[in-house]
Structures are given as structure tokens and as C-alpha cells.
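Thanks for coming. Please look at the sequence and the structure first.

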Amino acid sequence: MGQRHQAFFIARVRPTTGAPAYLCLGGFYHQWCYGQLALHAMYRFITLVRQPENAAVVRAELRALDGKYPSTEKDAYDVMPSMPCPFSSTLLGLAYSANLDPRLQPLHYSGVDMSSQYMLRPSSDCWRHQNDDGLAVIDITIPERPAYCFLHTGEDESWLYYRTDALPPLNAYEYLRVYYKLHRLKRDQKEAARNYFVAVIRLTGIPLISAENLQQAWPSNEFEDHDSGPHEVIVGENFSYSVADRLNAFSLWKSAIEELLPKGREILDTENATRLMTLMVHAETPPGTAATVLPRIARRLEALLRKLLRESHIFNFQCVPNSDVPRPYSLEQLEAMVSTCISNQGSCASIVSALLAEAKTVKDVLRRLNPFPDSHAAIILLRNVLTALKEAIVVDLSGFNLSATQICSAIARTAERIEFLDISFNTQVTTADITTILLSSPSLLRLNIIGCDRISRAELFQLLRKEPAWFRTIEGIFHPAFLSHTKYIGCPIAFTFIRAGAHDGVPTGLCLPFFTPAQILQGIYAMLPMAWDSSDRLGVTSTGGTHEGHGKTSVQHLSLAGKFYGSVLNLAYAAFTGGTLRTGELWSQRSVVCAPIRPYPFITISRTGSWAFFLSWGDSATSDSRTIPQWGFIRYRARHRPVDSESTYTTQPRDRQSDVRDVPWCRTFDADVTVCYPSTDDLQDAELLDSEVYDLRGFLRCMAEEGRPMPSQELVANVERVLYARDYLEGTLLCPLMAFNEAPKFGRKGGAEEEGKWAYVVAGDGVKVYRLPEERTRSV
């Protein structure tokens, strides 16, 4: 049963030999996604991919694939790992499994998580999985300018594998028309017309993937283009291509419709355009809010929407950047001017001024200098270029062959403001240089070091274990060691989310290698209202419709495809992987900072401690004591110190720590999933751990003592209100703070015959041991 739908992303990749060609690089299997839900999920993924920091990491992942795989598509899929682009796969899974943005309706979560059975490996056949509701495909070759399409058989129930008939790529309007009679909407379908229009308009203008590119990615299938392809609308070179800006998207569509629709200017006169603009402004608010604003324009608006939705061709266009913009200087001239500026120590003001007018191209010229000149003039020019491009908070130095000293000098002007620094594919920076960069940029939250060959995984883990204090202001470091869904041995853990076991008694959770208090608090604030308003709380079962929540504590309008206790892991995944939001930034536009260890909670044993947030919120129908509602911040600390006085983590000699196989507190419990846990050498039983339970204020006091950056008072107040929310009928706390002695215990039980088995010791009357179930690694 289900509404099976798969989403894939493809990209043009340079093979070992030959010309670049398209390959499928990952996918996601959704059990319940169709119609509008598929459009909403596509929109969320495209918005995440276009976010500047996410786009930088996606680009780095794609560049890392250059020259890795054979030119023959089938051969490439044979040697390709199950997840060649783990960060991009994370974005796809997040977009299709949950929406926690209250301003991007509908709020949504499903029972489909991001485990290995739903994350699809690349394949030469896109129809190899059970499918009822078509495919979504996204081209991320240029993350800021993605292309998309849908594929559908046009049948209600396909249930087919290995399709051989040629299918055309569909745009958002054409896919939605498979489910709804857009050309024959009735007058009583008022809300439907509004919802259909908003869902389609968000994706209108994004280029459509051609059948030729689809054929390259999936040589086992057949595709064909429409007889008439999408119309092309020329946009300015500086057009942001941001569908996240709904007014920008509407303005673009309005300009296009005046060209594409006969009498377009007459139909979209000032009055009608104002009505549609009002709809777009209030489209991303709860329906109750829109209902108070739209009645004034509702009657004429809905008639206009029905009329527009009958005109399929006005939704069939794509934006094309204007490439005919005249340039005052050729590339060769700019290269000569850069050389002159550097050799003359920047003394010619007229040349510098001319270069800054072409800052984007000049930056590419500087990037190709290898080695980068060891001169003050070159650094000053680079610094001025960054200023001209307004790179202050997000700084892109990807591909620059700079030393750590040159990097610190280049970002000196923005050192107090910079939050994201991209130094990927730098051949000079070493692991030891990371602390130098962090020291020079106290506001830095996220660092991209993908492709930095002199930074090894083992050295990076060792640095984190030896100097954890350096990373207490960091939210994410983008490196294969922290992005892989199959975690490498030795990955330290800074924060753990623990959700108490419900029916099976086994806790679930996820672990983060880095965190800041603001990151954790905004995740709690995004996730917990979903629990308080879930069908678990109300004792009802949702079937995928909308759900209004419970009275005064409700802040959500939900579209549910599962109960909260069964969906909490992918909700936590979405909540805690987001970087700290900037002022005015929507949750849907967040930067994603990691791919956490999942689906079970683990902790790192150390004197400094490992933090956790515990949530017990289960199915209201069960009487199991383990699901009594409670929450708490917990700090776990070791009571003893291992034999090696220089390391908190291992008793192995220092010269052997680079070999990750010798780290004793880690094991691999199946072929694909490697996890960290304390060995019998470090932790004989649960009694060797101290655990301290804190409320929100106590947690923040500890964070200040550790030197972590503090969250805003507004965020603290919001989280406090959610944590201490009360039932509006009974007046009792929905989820009380846990008692000090109820913290879940971690440890190992059993003798030699239990070697390699990890056991959870959970709180409650007596000690209950629950063995880890085997991870499912099969593909759907």
C-alpha cells in the first residue's frame, strides 16, 4: 500500500576519459507522496540547494567526483559507492521527509525516515523501484540554477518495474494535471484553486530537464521531449533565481504571462495583479490568517485563478540568463591588468578601480594563480574583490591556493562577521592550520574543507579529541569524515538527541560532532510543537490530511503521513541539522551543517563531558512506563581517566592512533554501518559514567561556562514557552522536566560471547538492557 514516489538528483560529471556526461548521483524513496505534496517537496529541495552555503558544499561534492568514474554510464554505476554525494543526498532526504517552516505551508512530516532503505543508490534504471506516483528529477550541476522535471505514466496505479516506453519530462503544471482537472475547476473549489496556483507558480520559470540529459543519466530507459519545448524568457544577468522569494517569482511570472497569453496585459491589469500579489504574500501563512485577508478579493481572485489554470502554456516557460551583456575588457586584458597591479604593488588606482568593476571575473583570475603570489599587493587586491562582491558573512575562497596566513589576511576585514568560510580544494592548508583559521575568525560557524588533501580524517579526529575547546563555537565542518551516512571509526560526538523507546523499547536518536546552543535551541523550538500537536497527543490517527492541533498551544497547521512517535527521528534530523538562522531567514532557507550519526544515540566518554537532549514522548495508546512524557538536558562525564594520560579516549600509543582500526571504543556491527561506543577497556559498566540533568537555564549556564556563543533572548524565551507548555484544559505540563536520577544510562553488558554487541541501559525501575537491532541496509 502507499503512494510510492521517488526523487533523484543528477549532474554533469567529468569521467576518467571523454566528455562530461550526466549521471544519477542519488535518490530518495517516499512511501506517500503525490500531487501537491510532490510539488511542495520539490520546491523545498530546490530552495535548500540554492541556499548559498549549501550550494558551495554541493559544488565541492560534484567537483570531488571529477575523473573518478568511467565514461560508460553502466560501468560508472557498477563502481560508484552507494552514496557518492552524501551532503546532496542529505538535502534531498530532508526536503522530502519534513517541513518545519511555519511560514511555508503546509507543515509536514511523514513516517518515511532517512535510513539506508529509503536513501536510493545510483542506478542506470530510474524505474527499478515500485512506483505509483511518478518520479521527480533535479539537475544540480549548477546548484544556484537547477533544472527539474517530473515523470509520470499518466495511470492511476502503475506498479511497474523496468519501464521501456518513452516518457516526456513534465513541468509542475503538467504533473499536477495528472491528479486534478485544472482546466475544469468548479466554482466551489475555491481553496483548491488557490493551492494549485501557489504550488505551480513556485516552480514556474525553473528550466526543464531535457530528454537528452535524462537519457544520459539513465541509459536503460527511454525519454522523449514534447513536440514544443518550454518558452524561453530572458532575464537579467544578476537575476537571483531565488524561488524562495515568492514575490520575485510572481513578478517574473507576471512579466512572462504578458508575453505568452493573448491579451495578457488586459487580463493581468493593475487590479488583478494586486489580487494575485496579495495571494502570494499570504500564501505562506496558516489558512486561518489568509481567510481574514483574502475575502475582500476572493470572488474575483478565484474566478481569475480558474481562468489562468486553464491556460497550460503560461506555466510552460523557463528563465534564461542574458549572456549578451557587453564587457569592457576581455579575459586576456583582465589577466594582464591583474599582473600589472600585483607587480606594481597596487599603485595604479585607475587599474584597481577597473578591476573592481569586474570583480567576479577578476576573482576567477586570482583563483587560477598557482602558486598564489606571496605579496601584500595580491592579498590587498583579493581583499578588495571580496569587499566589492559583498562577501562578508559568507566568503568563498574555494580553489585558491592560499596558505593559512594568507587566508587569515584575506578575511581580516570581516573576521568579526564571517560565519561561513569555503576553502575547499586548497592544496596548502593542513590539519594544524585549522586552529589558526578558527583563532583569526571568532565568529566563524561553518568551514568547508572538502578536497583539502592535506587534511586527513584520522588527523582531524585526533585534533577534535585533543583540542575540543577550539570547536565549541563551530556548528559544522564540511569534510568527508563528517558528511558520510556511513560513519567512520573514531568520530567524536559532542551532542546527542535521545528519544526514549516506545513499542520496541530501543531508544532512537542522532549524534552531532559539533554544536552551538542556538543551533540546538532552534531545533527544539521547531520540533516540539509538532509533538504537542501530533495525533499521538490527541489519540487519533492521521491519514495524510490536514490537522489543526489542540487549542491555545497550537502553532501549527499539519499535513501528516504518520504518527509523531514513528516520525520523530526524521523530524529530529531536520531540526538539528540546520545552522543558526540569521535575522529574517526562513527555516526553509537554512544552511544544513552535517549528516549526523543515526539512528541510535551514542556518547563520547571524556572528562569534559558529552551533552544530550532527552525526549520521552510516545504513543498515547501505550501504557509502557518508558513513554511517560519527560525531557531534560543531560551531561555525561567519565568518572575515571584512561591509562594514557595524554588522551581521554584511547589506551593505544600515540604513534598508532592514526590507524583508526586500533581505536578500541569503536566497532563495526555490520558491513555498511560503523558506530562509536566505549570498549570494555574504557567503560566496564554504566556506573563509570556520571550523568547530570539540567533544565534550560542550567544548560545555558553550562554553555556560557564552556565558552560557547549564547543564543538570543528571544529564542530562549520561545524555547522556554514550548518546553513548559501546559494543557489548556487540564492546566498540567504537557511534558515535565525529568528527575535528576532518571537520565538514560549507557554501558556495555555481557562477557566475551557478547563481544561487539552494544546495549542500551535505559532509565526506569531496575536495569533493563535492550540490544541493538541489526541495521537494515537493503535497497527498496
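Helix α2 covers residues 52-64, 13 residues in total. From its first C-alpha to its last it reaches 18 Å, close to the 18 Å expected at 1.5 Å a residue; that expected span is 1.5 Å times one less than the number of residues. Helices here are DSSP runs of H or I with at least four residues, strands are runs of E with at least two, and both are numbered from the N terminus.

This is a predicted model, where local features need pLDDT of at least 70, side-chain atom pairs count only at pLDDT 80 or more, and totals for chains, interfaces and linings use all residues. Residues are numbered from 1 along each chain as its sequence is written, and side-chain values use heavy atoms, without hydrogens and water.

Which residues of α2 are buried? They are E53, N54, A55, A56, V57, V58, A60, E61 and L62, with buried meaning under 20% relative accessible area (1.4 Å probe, protein chains only).

Next, the helix pair. Helices α24 (696-706) and α25 (713-723) pack at about 145°, axes 11 Å apart. The axes are lines fitted to C-alpha atoms over the stretch in contact, and angles run from 0 to 180 degrees between N-to-C directions. L696, R697 and L700 of α24 meet Q713, V716, V719, E720 and L723 of α25, contact being heavy atoms within 4.5 Å.

Last, the sheet. It is open, with 4 strands in the order β10-β11-β12-β13 and parallel pairing; two strands pair if DSSP finds at least two bridges between them. β10 (394-396) and β13 (476-478) are the edge strands. β12 (446-448) pairs with β13 over 3 bridges, and L447 has I477 in β13 as its bridge partner.

Notes:
Buried means under 20% relative accessible area, exposed over 50%, partly exposed in between (1.4 Å probe, protein chains only).
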